[in-house]
Amino acid sequence: MNPNDDEAGFGVYVHWPFCAAKCPYCDFNSHVRHKPVDQPRFAAAFLREMERMRERTGPRTVSSIFLGGGTPSLMEPATVGAVLDGVAKFWTVAPDAEITLEANPSSVEANRFRGYRAAGVNRVSLGVQALNDRDLRFLGRLHNVEEALYAIGLAREIFPRMSFDLIYARPGQTAEAWAAELKQAIGHAVDHLSLYQLTIEEGTAFHGLYKAGKIDIPDPDHAAQLYEITQEVTAAHGLPAYEVSNHARPGSESRHNLIYWRYGQYVGIGPGAHGRFVEDGRRVVTFTEKMPEAWLERVECEGTGVVDGEVLTREQEADEFLLMGLRLVEGIDLDRFERLAGRPLDWERVRLLQDEGLVEPVGNSRLRATAAGMVVLDALVAELAR
């Protein structure tokens with residue numbers, strides 16, 4: 001692959017690893033610190049790691065910057081500004097680049113939001129998660145519904161684009177209750193919603209409670225019903241799915257996430273960040289040190305927090321391309337799969353899956369999962385990758 005083959009764009013992901021509290025369902029690299037974080041020191045380390053990554057990627061045009069976490073809205077606007085200035089120093093930022101910051105409603109205030117906008121953020125993603133106070137408490141969130149709706153309104157006022165997340169398939173959640181909550185959410189949405197089924201991940205507080213029989217999540221049939229309701233309600237209200245868990249008005253899809261799903265290239269900056277980009281003609285994967293203080297010391301001593309990585313084989317690239325691309329309603333480009341894999345898909349296997357109603361062609365150049373295929377996506381990818 002040519003390093004300048006930007007078929008799906010080039011992004012920069014920056015991970016802010018700190019939270020005010022650890023949510024019981026969260027398995028992300030997030031940490032609670034009871035003393036103030038030295039933000040200027042972390043900002044300087046972000047820039048130093050960017051410099052090293054720039055040496056590896058060469059000159060690129062950045063189409064998306066994503067500040068994730070953790071809780072990036074705990075950063076001061078000056079810290080966000082320093083990070084964005086750093087990206088612009090080491091790469092070329094496209095004039096229409098999408099610049100997203102994740103925020104929690106509990107850490108939102110008007111001056112902080114206006115400061116982020118002045119620093120260059122043009123899209124905010126809010127971790128709302130539920131629109132009733134009982135479930136917000138169950139999910140360990142620090143905000144209530146009133147604060148969530150205030151944050152949504154403020155984001156709509158200040159930023160050109162905004163999204164918020166909800167978690168469904170919560171204990172005791174009925175189909176009727178979810179449909180009503182979803183319609184309420186759509187009434188507050190601008191152009192994008194991320195809607196995730198509650199999953200019990202190992203290493204989380206919920207995992208221990210689930211194993212002890214203290215959390216009763218919906219059975220697979222009920223979860224599938226809630227998923228179907230999600231697709232029907234959002235489509236009926238002009239926010240159809242463009243990916244398994246993401247819904248947008250046409251043209252308002254998350255550009256950064258599309259880089260991932262279209263198998264584009266991106267660098268990962270900060271504690272626990274991952275990157276995937278082309279270096280010396282091959283796609284490499286990078287992993288940084290997860291513990292914030294250890295990452296910080298490593299960057300200050302060595303210039304980077306990268307602790308692991310690999311060069312992908314063509315077969316690995318093709319498998320990842322399938323795994324990511326089939327999450328999208330648009331599906332995968334068959335010619336690009338063949339370029340990555342060095343071979344076409346097994347068309348006999350494709351026809352069998354098509355007969356089972358799990359995949360379908362899109363014209364002569366693309367293949368996508370059907371609605372039934374999306375429900376069993378991991379198994380579908382495994383079949384196609386054989």
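Reader: Where does Gln129 lie?

Author: Gln129 lies in strand 6. Strands are DSSP runs of E with at least two residues, helices are runs of H or I with at least four, and both are numbered from the N terminus. The model is a predicted one, in which local features need pLDDT of at least 70 and side-chain atom pairs count only at pLDDT 80 or more, while totals for chains, interfaces and linings use all residues. Residues are numbered from 1 along each chain as its sequence is written, and side-chain values use heavy atoms, with hydrogens and water left out.

Reader: What phi does Gln129 have, and is Gln129 buried or exposed?

Author: Most residues other than glycine have a negative phi, and most peptide bonds are trans. Gln129 is not a glycine, yet its phi is positive, about 80°. Its relative accessible area is 8%, so Gln129 is buried (buried is under 20%, exposed over 50%, partly exposed in between, with a 1.4 Å probe and protein chains only).

Reader: Which other residue has a positive phi although it is not a glycine?

Author: Asp280 is one, with a phi of about 55°. Asp280 sits in the loop between strand 12 (274–279) and strand 13, and it counts as exposed because its relative accessibility is 77%.

Reader: Where is there a cis peptide bond?

Author: A cis bond joins Gly69 and Gly70, with omega about 20°. Gly70 belongs to the loop between strand 4 and helix 2.

Reader: How does strand 4 pair with strand 5?

Author: Two strands pair if DSSP finds at least two bridges between them. Strand 4 (residues 61–69) and strand 5 (residues 92–103) are parallel and share six bridges; Thr61 has Thr92 of strand 5 as a bridge partner. Between the two strands the chain passes through helix 2 (residues 77–90), and this β-α-β crossover is right-handed. Right-handed here means that, with the strands pointing away from the viewer, the path from the first strand over the helix to the second runs clockwise.

Reader: How many bridges join strand 5 to strand 6?

Author: Four bridges join strand 5 to strand 6 (residues 123–129), and the two run parallel. Ala103 is bridged to Leu126 in strand 6.

Reader: What is the order of the strands in the open sheet of three?

Author: The order is 15-17-16, with antiparallel pairing. Strand 15 (332–333) and strand 16 (359–362) are the edges; each has a single partner strand, so one side of each lacks a neighbour in the sheet. Two bridges hold strand 15 to strand 17 (residues 366–369), and Ile332 stands opposite Leu367 of strand 17.

Reader: At what angle do the axes of helix 11 and helix 15 cross?

Author: Two packed helices are described by the angle and the distance between their axes. Axes are lines fitted to C-alpha atoms, for helices over the stretch in contact, with angles from 0 to 180 degrees between N-to-C directions. Helix 11 (residues 314–325) and helix 15 (residues 377–385) have axes that come within 10 Å and cross at roughly 145°. The contact (heavy atoms within 4.5 Å) is made by Asp319, Leu322 and Leu323 of helix 11 with Asp378, Val381, Leu384 and Ala385 of helix 15.

Reader: Which residues does Phe287 touch, leaving out those up to four places away in sequence?

Author: Phe287 is in strand 13 (residues 282–288). On that count it touches Ala273, His274, Gly305, Val306, Val307, Asp308 and Gly309. Phe287 and Ala273 are 14 residues apart in sequence, with their C-alpha atoms 6.1 Å apart.
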